[in-house]
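Please read the paragraphs below alongside the sequence and the model.

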Amino acid sequence: MNAKKVVIIGNGMVGHRFCEKLSKKQPNFELVVFGEEPIPAYDRVHLTDYLGKKTLDDLFLAKNKWYEENNIELHLHDPILQINTAEKCVISQNGIQTPYDYLVFATGSAPFAPVIPGLDKEGVFLYRTIEDLDRIKAYAATARKGAVIGGGLLGLEAAKALVDLGIQETAVVEFAPRLMPRQIDDMASSILQNKLQALGLTCFLQKSTTQILGDQQITGLAFADDTQLESDILIISAGIKPRDELAKAAGLTLGPRGGILVDEHMRTSDPAIFAIGECALYNDMIYGLVAPGYEMASVAATTISGEQQRFTGFDMSTKLKLMGVDVASFGDPFITEPHARTILLEDKNKGIYKRLNISPDGTRLLGGILVGEAASYNMLLQTVTNNMPLPEHPETLLLGEQSESKPAGAGLEALPDTALICSCEGITKAQICDAVTQQGCEHADDVKKCTKAGSGCGGCVPMVKDLVAYTLKKQGKYIRNTICEHFNFSRQELFDLIKIHELRTYDSVLDDLGTGHGCEVCKPLVSSLLASLWNEMILSKGNDVAQDSNDRFLANIQRGGTYSVVPRIPGGEITPEKLIVIGEVAQKYGLYTKITGGQRIDLFGAYLNDLPLIWEELIAAGFESGHAYGKALRTVKSCVGSTWCRFGLHDSVSFAIQIEERYRGIRSPHKLKSAVSGCIRECAEAQSKDFGIIATEKGWNLYVCGNGGSKPQHAQLLASDIDSATCLRYLDRFLMFYIHTADPLTRTATWLNKMEGGIEYLRNVVVEDSLDMAATWEKEMDALVAAYQCEWKVAVSDPEIRKRFVHFVNAPAEKDETVKFEVMRGQKKAADWNAPVTP
Amino acid sequence: METLSITSWKLACRVEDTIENGGICLKLADQQVALFYFKRRNEWYATQNECPHKRQMILSRGMIGSLGDQPKIACPFHKKTFALDTGECLSGDECAIKTYPVKVENGCVYIALQN
């Protein structure tokens, strides 16, 4: 059966959204789009930004070849001129004749221009398209004074655009007695007016423009009250009128004041024709915002694909920032006695106005207005839309940011899971929280990528941020931080269970404690726990396939799929003979060499099947694995200390080597870095490490939980002036406590930050043994240390493990020919990533 | 159906060359093919070895697992995941990967490259 053909007239935001929605539906449809503008769909909501920091590229809604890749035929600069509804066929300006099974009007709206003599003078513009903006931009360069007819939402945006373009004196002329008459009341308007005035924008209300003055070019406006206003440029933004002329010509039913009449499925009077967005009239209303337009696009796409969805009207709440002034209006902003009681706050000093309309019984919020300060907008809107009960003293809601004494997030807690947070994309609270808990999103940006929440008008972004923070906090506090869909346990719980059940392979852990077939989250986690518990060779017993990329091949995977090799150089001390071996191996296998931050040497660019050969040579020269690939101890950096340095107090190199050799290979929740400094000058930078030791006159000071990386944090003093043996004992306990209790992939710094009681508590546990665990942990650590073996030594000598180090199983000697290198400063480097295959 | 199976099955390797619950890479007709033996589910899957995200020949070294009931492979580079049965990308907007039919007979694994 041939795919049904859907023709879309209009390639604006709503038309584009319709294409996105329908192209994901089954069965497949053949989509053809005709757009009047010469460029594909762009973000009209943020049009004003085009005059600021954004370029046209930032505003495009789809990636370059999106239409092509989705097999959608896109005709730009080619409006439809004629529709034959009897034969179901459209004809475009370029003469393209296209039959359709379904036709969708997404023609949007045009600015409404009142009939004023002189509209045709140079310097008079509309405000709707990129082309309009380009013309305004060009003309504004010579203008000093500007005016906008229309004090509504769009008019104020346009006025802001003029101010942004550097026009010193800009005026807004509004026919109604207040600004934004559809959103705010008189008192709010007066506060807003004062604020705008202070920012260089004068507002004239109740002004009816009778004539545009000037010869060829505009020089000013004349009003019905016989006053005049000088102006070199004028933007008309007095409302919108639906683009229904084509629908009218096709004989579709229109509303009495225009707009294509649609039912709750967005169907027009012709059952094969739909209308969505600002051209559609539903329930006597034209919806001039993008969110309801998107909803209509979704409803029409669903209906055409044969499923059920209804449009039932849409909340017209809105929040915007006008030249830095917050203005918001939600629910029913104007409702009055006897249907509602109002609570007002008017602060002329700070320029803040807030109005809450509550139900006569005082239990529910019905709507309101915020000017000057609108941080609580999202929460108030949610309170209205979810019909949530008000607090006993609803006036406290007006104080907004001052009510910090309340536990943060109390309002979010009360919000039902079904609460719609992002109305543009239809994303609920539960979906956002899931993105945080299930998919590891930690920032609003991650959530945006993951769920699309906040990618439309952006109004919900503050609330998304709050929800992310709230959800993360909740996770940190009540850790039922389960691992993934396969294990309903926290890391700590699983650690104990594996120990109690004495499980030694990933598969047995999954069989006994989990469900399903595992994933890339639980496999490395369980593998790490098994290693922390038993310290067996990580690639044995079939556990190799449950190891993370780097652990799996005991090396660090790099661009192109080659690996880097880091032999252990304890304390950073190395003999010239060993240095020569490293150089020879690097030469022989063509490796790039670099000194690491941890006083070691990294050899890059090794092919998978060269790894065992490289290691055979390194092992023969006395090297062992450096575990640079593992969540394990990396390196213990040192300064030369008393062996050479005139300031050195103790032998920091020897102690560093002792520590590195004690804890090498032990798997932990995240990597561990350490350092030992021979005096307070701290050349080894021990205070930036997970555990760092600094020599004092009387012994060593032990610092823990420091961190470099993206969030540097100084380590904190755990114990001072202790001897070497005590220091190692404390370290045993500290490390075992961390290994037992930290969340997956949590560095010691974060672990401590989350610990209730902080460093004091940690000191009690480690030094004072408040948990009575010290003896157990020291014994466990001794067992781990005793079980240590160099993984690479095992890997090269065990044929079963060694045979996995090939690229082609059926051609083991061959190397992957797709690996490419480039030359830089006399060494090789990995070729850049290949360009992705775009979907 | 019969003709198709005669013309396109290629002997890939022996069962003992494969790795239980993991992947191997094969060179077949100058293509790199990743073969996965999902022993826990008693299933075999073959896909292209290239991850479409950064176009690296690497998927055979990834971890397999399940999402709900769907078998999947995670790329070792950036943990993009793909359905082993349909090839569809399960994490984000990457291109789907090619999948190939696999059959096992008398200890030999066969892959049909042209499907």
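After α12(A) comes K452(A), which has a positive phi, near 75°. Helices here are DSSP runs of H or I with at least four residues, strands are runs of E with at least two, and both are numbered from the N terminus. This is a predicted model, in which local features need pLDDT of at least 70 and side-chain atom pairs count only at pLDDT 80 or more, while totals for chains, interfaces and linings use all residues. Residues are numbered from 1 along each chain as its sequence is written, and chains are lettered from A and ligands numbered from 1 in the order in which they are written.

Within α12(A), the buried residues include A444(A), V447(A) and C450(A); buried means that 20 or more other C-beta atoms, placed from the backbone, lie within 10 Å of the residue's own, exposed means 12 or fewer, and partly exposed lies in between. Two packed helices are described by the angle between their axes and the distance between the axes. For helix α11 (residues 429-437) of chain A and helix α12 (residues 444-451) of chain A, the axes come within 10 Å and cross at roughly 110°. α11(A) is therefore roughly perpendicular to α12(A), the term for angles of 65 to 115 degrees. Axes are lines fitted to C-alpha atoms, for helices over the stretch in contact, and angles run from 0 to 180 degrees between N-to-C directions. Q431(A), I432(A), A435(A) and V436(A) of α11(A) meet V447(A), C450(A) and T451(A) of α12(A), where contact requires C-beta atoms, placed from the backbone, within 7 Å. Five of the contact residues are nonpolar, two are polar and none is charged; nonpolar covers Ala, Val, Leu, Ile, Met, Phe, Trp, Tyr, Cys and Pro, charged covers Asp, Glu, Lys and Arg, and polar the others, Gly among them.

The next element is an open sheet of five strands in chain A, ordered β3-β2-β1-β7-β19 with parallel pairing; strands pair if DSSP finds at least two bridges between them. β3 (72-75) and β19 (273-275) of chain A are at the edges and have a single partner strand each, so one side of each is left without a neighbour in the sheet. Neighbouring strands are turned by 15° against each other on average, direction ignored. β7 (residues 102-105) of chain A runs parallel to β19(A) and is joined to it by three bridges, with V104(A) partnered by F274(A). Helix α1 (residues 13-23) of chain A packs on this sheet, touching β1 (4-9), β2 (29-34), β3 and β7 of chain A.

A second open sheet of five strands in chain A has the order β33-β34-β35-β36-β37, this time with mixed pairing. Its edge strands are β33 (633-638) and β37 (716-722) of chain A. Four bridges link β33(A) with the parallel strand β34 (residues 672-677) of chain A, and V636(A) has S674(A) as its bridge partner. Helix α21 (residues 724-741) of chain A lies across β35 (691-695), β36 (700-704) and β37 of chain A, at about 10° to β36(A).

Over the whole of chain A there are 26 helices and 39 strands, and 46% of the 839 residues are buried.

Chain A also touches chain B, through 28 residues from chain A and 29 residues from chain B. On the chain B side, β2(B) gives the most, with five residues.

Notes. Parallel < 35°, antiparallel > 145°, perpendicular 65-115°, else oblique. Contact = placed C-beta atoms within 7 Å.
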